[in-house]
Amino acid sequence: MAAPGAAAAPRGTRSELLTGLLCLLLGFALAVQVGQSTGDQLSGLRQDELVRLLDEVTQRADQLDAEVSDLEEIRDDLRSADGRDQAARDLARQRAEQEGILSGRLPAQGPGVQIHVADGARPLEAQVLFNLLEELRNAGAEAIEMNGVRLVTTSYFVDSGGGVVLDGAAVASPYEWTVIGDPQTIDRALEIPGGALPRVRDEGGEAVTTVSDQVTVDAVRIPGEPEHAEPEDG
């Protein structure tokens, strides 16, 4: 007579056992194939290529170790009340700095370009300079200065008496721009056929862009108080 509970014990059928064995064999075969493929690829590399690959792997491992260490430090700081308060203060300061740069209240430095634009036989019109400003914004410029004036979202150019007025003040050629943003992106955007700088040249003017790893925008702008807009109640 069967012992109590024997009927509940799982028993594999012959087909289930065969299926499990085939799965194991298939997994083993795949692992061997992947290992052989990787080994064949590595065996085909020269010694200097293997050394470079090892250096890259080691460098990436060091970077990941450093990132883990930084994240662990941040985690430990956030676990304490003082750490949470400090993290909040750091975040608030970072946001204030970013907003200050984007609004023109703070000077800024970083990679970017310097652009020299000058009149030709006839003065450039305000629209040509405004097109240049718009293309800089579209190319991701984060801070812009021209002839000592910080350009912001409300900046404008108008023609006046044969000259150009920028934000209510007369400016004269040459127009020296300092722009912070990705240098290569800005340089390519400005030189697109039919774009801002080709149009300057078509008008007989000069246009030269110099890319740089570090430029400084010193001019600042104190934003005025809004006349109509006010914060929305939460």
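## The cavity and its lining

A cavity is a set of grid points where a 1.4 Å probe fits but cannot get out, and its lining residues are those with an atom within 4 Å of a point. In this predicted model, a search of the whole structure turns up one cavity of 30 Å³ or more, and the largest cavity holds about 30 Å³ of space. Its lining is made up of Arg 122, Pro 123, Leu 124, Glu 125, Val 128 and Glu 203. Sorted by class, the lining of the largest cavity comprises three nonpolar and three charged residues, with no polar ones.

## Helix α4

Val 128, one of the residues lining the largest cavity, is also among the buried residues of helix α4, which are Ala 126, Val 128, Leu 129, Leu 132, Leu 133 and Leu 136. Just after α4, Gly 140 adopts a positive phi of about 95°.

In soluble globular proteins, nonpolar side chains tend to be buried together. The largest nonpolar core here has 29 residues, of which Ile 115, Val 117, Leu 136, Phe 157, Tyr 175, Trp 177 and Val 179 touch the most other members. Two or more residues of this core come from each of β1 (108-118), α4, β2 (143-146), β5 (163-166), β7 (175-180), α5 (183-190) and α6 (196-202), and α4 gives the most, with six residues.

Leaving aside residues up to four places away in sequence, Leu 136 touches Ile 115, Ala 141, Ile 144, Trp 177, Val 179, Ile 186 and Leu 190. A second, separate core has five residues, among them Ala 108, Ala 143, Ile 180 and Val 217.

Thr 209 counts as buried because its relative accessible area of 19% is under the 20% cut-off, whereas Val 208 counts as partly exposed because its relative accessibility of 46% lies between 20% and 50%.

Not counting residues up to four places away in sequence, Thr 209 is in contact with Val 113, Gln 114, Ile 115, Asp 187, Leu 190, Glu 191 and Leu 197, while Val 208 touches Gln 114, Ile 115 and His 116. Although Val 208 and Gln 114 are 94 residues apart in sequence, their C-alpha atoms are 8.3 Å apart in space.

Terms used: Residues are numbered from 1 along each chain as its sequence is written. This is a predicted model: local features need pLDDT of at least 70, side-chain atom pairs count only at pLDDT 80 or more; totals for chains, interfaces and linings use all residues. Side-chain values use heavy atoms; hydrogens and water are left out. Buried means under 20% relative accessible area, exposed over 50%, partly exposed in between (1.4 Å probe, protein chains only). Helices (H or I, at least four residues) and strands (E, at least two) are DSSP runs, numbered from the N terminus. On a 1 Å grid over the protein atoms alone, a cavity is a set of points where a 1.4 Å probe fits but cannot get out, and a pocket is an open set with protein on both sides within 12 Å along at least five of seven lines; lining residues have an atom within 4 Å of a point. Grid points are joined across faces, edges and corners, and a volume is the space filled by probe spheres set on the points. Ala, Val, Leu, Ile, Met, Phe, Trp, Tyr, Cys and Pro count as nonpolar, Asp, Glu, Lys and Arg as charged, and the others, Gly among them, as polar. Contact means heavy atoms within 4.5 Å. A nonpolar core is a set of buried Ala, Val, Leu, Ile, Met, Phe, Trp, Tyr and Cys residues joined through side-chain atoms within 4.5 Å.
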